[in-house]
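This report goes through one protein model, region by region. The sequence and structure come first, and the notes follow.

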Amino acid sequence: MTPTPSYAARRAGYFAASALTAAAGTAAMAVNLAPLGLGGAAAVALAALCLWWISLGLWSAVIGFALTLRAPLPASVPPAPAAQRTAILVPVYNEDCDEVFAGVRATYESLARTGRLDQFDVFVLSDSTDPAIRHAETAAWEAACRDLDAGGRLFYRHRDDNRGRKAGNIADWVRRWGGAYEAFVILDADSIMSGACLAALADRLAAAPRAAIIQTLPLAVGQRSIFGRAVQFSHRLAGPLLARGQAWWQGPDSNYFGHNAIVRTRAFAAHCGLPTLDGAPPSGGDILSHDFIEAACLRRAGWTIHAAPDLPGSYERAPENLIDYAIRDRRWIQGNLQHLALVGARGFAPMSRFHILTGILAYAMSPLWLALLLIATPILSTDDGAGGGALPALALAAPVLAMLALPRVLGAIALRRRYPKARRGRLVRDVAGELALSALLAPTLMLLHSYFIAANFAGRAVDWRPQRRTAHGLAWTEAFARCAACTIAGTVWGGVVFATAPTAGLYLLPVLAGLGLAVPLAVWTSRTPAKPDFLPIPEDIAPPAEIAAFERARASAAEGDRAAAVPGGAMAAVARSA
């Protein structure tokens, strides 16, 4: 019998390593910064917190890399096939029907190939308010049922009263149909899962009677823009290592991301009825980021939450441009800041509180980084022209850059064998190019996140709007409206620094350039790259069957839309298919 690992010892080692790494980096900075007075001391204090934050991700990636080298494939024996009934839920809200049902079709067909389709039903749960979209959803569902012979297995439900948003949508399904299913898998509107992954999730949940949730690692795929492919590439490099390392030290206290996960119905029904927070939005009202809190409630009740980073076949799609990415973050920021009122809830496990706090810090770090850079600016100007700012600049930059780059480098090493031999030599160049692009985009996101947090505390709430998930080139007017403040801030900041301390301006050039070029960068990165193999991931080179099926369904739907837009085109399309 395999002994139960001591997660307490693992966590102690992980947190100690993270703290020691941050302390070493802070000490190196303190040697050069502390003698510079109050500003230097403030910079050291902020740098300590920022380095600790980076260290948490760094050590999860290092652990994940070590585990990957030791056992690239999962060594555990898969559990026996489960006979339980499982529902697959796809909540949607004014989404692109072609995209949604392309994913539903690909997932359904993949599940059918496993021979276990009779254990699953699929529910598309609509909260859409646009009558035209509701009509399109119904038509797309009817077509999918006909094409897939899925009558009685693929269901569509529209909810007129969409209170509670996504959480309310799921809760409504649990109340009305949940009793017929032992478990349900939640997919986002942009999710795709392989049948093998779905079957494995059901088997693992059945084999772990105290598990309430098993969370997979959804990989970003199918991105078409420069921005989307850069996000996809960085996630593919570092994501699996981070997830595997976190699963190693978190164990039964893992977290839940609200999609691409299987949930035990009776546990969810008993413990995940979330309250409405007191007061008006943004701090009150519906809990927007409900997933972390649902996991905390389940853990409080004695259920366990597990991660399954070893299961392939879990995919999602990321926003295709900087503006849509920031808009999504704006909603997540409001939801995560609501957790300030919940982190101290009675009975939550320590690891649940840790997850909630890290969710808050994921965005709160942006104003802290901004404060550090603003404080560092006059420090870097010290003895300008004589090179006096060089040591403080190196002390600030070197540890940060090394710690940010290492997870990607380790990920590239771990993934190298998944690329054809002729392509491996370009992997180093691709990693360097993605790091450079991310470094230019990061200052704009830092400033936007800082503004979003300030707006949240000023009482400005976000509306519930559908997320744009497809690639489309940004217009200059939209980019200017959204990013002009960043460009102005970078230009003014850079002008003052270069006018008073040119050497300091050179040290801050990556930040100042990223801000000053925010508008053209947003426009350029929203475009399709000139070369189709720009920053490829293994799934681009050898697409899994369900991703290839999704792309075919998406292309077919797009062709139908184009034909319908031309007089006589729809009839021609029908004639071609006859």
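## Ile 356 and the nonpolar cores

Ile 356 is in contact with Phe 292, Ile 293, Ala 296, His 339, Val 343 and Phe 348, leaving aside its neighbours within four places in sequence. In this predicted model, Ile 356 also belongs to the largest nonpolar core, which has 71 residues. Ile 356 is listed there with Phe 233, Leu 322, Cys 483 and Trp 493 as the residues with the most contacts inside that core. Helix H14 gives the most to this core, with ten residues.

Another core, of 35 residues, lies apart from the largest one. Ala 150, Tyr 156, Leu 198 and Ala 211 are among its members. In soluble globular proteins, nonpolar side chains tend to be buried together.

## Met 446 in helix H14

Helix H14 covers residues 427–457, and Met 446 is found in it. Is Met 446 buried or exposed? Met 446 has a relative accessible area of 9%, under the 20% limit, and therefore counts as buried.

Met 446 touches Ser 366, Trp 369, Leu 370 and Leu 373, not counting residues up to four places away in sequence. Leu 311 is 135 residues from Met 446 along the chain, and the C-alpha atoms of the two are separated by 33 Å.

## Helix H4

Helix H4 runs over residues 131–148, 18 residues in total. From its first C-alpha to its last it reaches 26 Å, close to the 26 Å expected at 1.5 Å a residue. At the start of H4, the backbone nitrogen of Ala 132 has a side-chain oxygen of Asp 130 within 2.9 Å. Just after the helix, Asp 149 takes a positive phi of about 55 degrees.

Which residues of H4 are buried? They are Ile 133, Glu 137, Ala 140, Ala 143, Ala 144, Cys 145 and Leu 148. The buried residues of H4 pack against strand S1 (86–92), helix H3 (97–113), strand S2 (120–126) and strand S3 (154–158).

## Gly 115 in the loop between H3 and S2

Gly 115 is found in the loop that lies between H3 and S2. With a relative accessible area of 61%, over the 50% limit, Gly 115 counts as exposed. Gly 115 and His 158 are 43 residues apart in sequence, and their C-alpha atoms are 30 Å apart in space.

## The sheet S5-S10-S7

Three strands form an open sheet with mixed pairing, in the order S5-S10-S7. Strand S5 (192–193) and strand S7 (219–220) are the edge strands, each pairing on one side only.

Strand S10 (residues 314–316) and S7 pair in the parallel sense over two bridges. Tyr 315 in S10 stands opposite Leu 219. Strands of a sheet pair through backbone hydrogen bonds, either parallel or antiparallel.

## Thr 26 in helix H1

Thr 26 is found in helix H1, residues 7–33. Thr 26 is classed as buried because its relative accessible area is 13%, under the 20% limit. Leaving aside neighbours within four places in sequence, Thr 26 is in contact with Val 44, Ala 48 and Leu 51.

## Model confidence

The protein averages a pLDDT of 90, and 90% of the residues score at least 70. Over residues 568–578, the pLDDT is below 50. Beyond near neighbours in sequence, this stretch has five contacts in the model.

Terms used. Residues are numbered from 1 along each chain as its sequence is written. This is a predicted model: local features need pLDDT of at least 70, side-chain atom pairs count only at pLDDT 80 or more; totals for chains, interfaces and linings use all residues. Side-chain values use heavy atoms; hydrogens and water are left out. Helices (H or I, at least four residues) and strands (E, at least two) are DSSP runs, numbered from the N terminus. Buried means under 20% relative accessible area, exposed over 50%, partly exposed in between (1.4 Å probe, protein chains only). Contact means heavy atoms within 4.5 Å. Two strands pair if DSSP finds at least two bridges between them. The expected span of a helix is 1.5 Å times one less than its number of residues. A polar contact is a pair of N or O atoms within 3.5 Å; within protein, one must be able to donate a hydrogen and the other to accept it, and residues adjacent in sequence count only if both atoms are side-chain atoms. A nonpolar core is a set of buried Ala, Val, Leu, Ile, Met, Phe, Trp, Tyr and Cys residues joined through side-chain atoms within 4.5 Å. pLDDT is the predictor's confidence in each residue, from 0 to 100.
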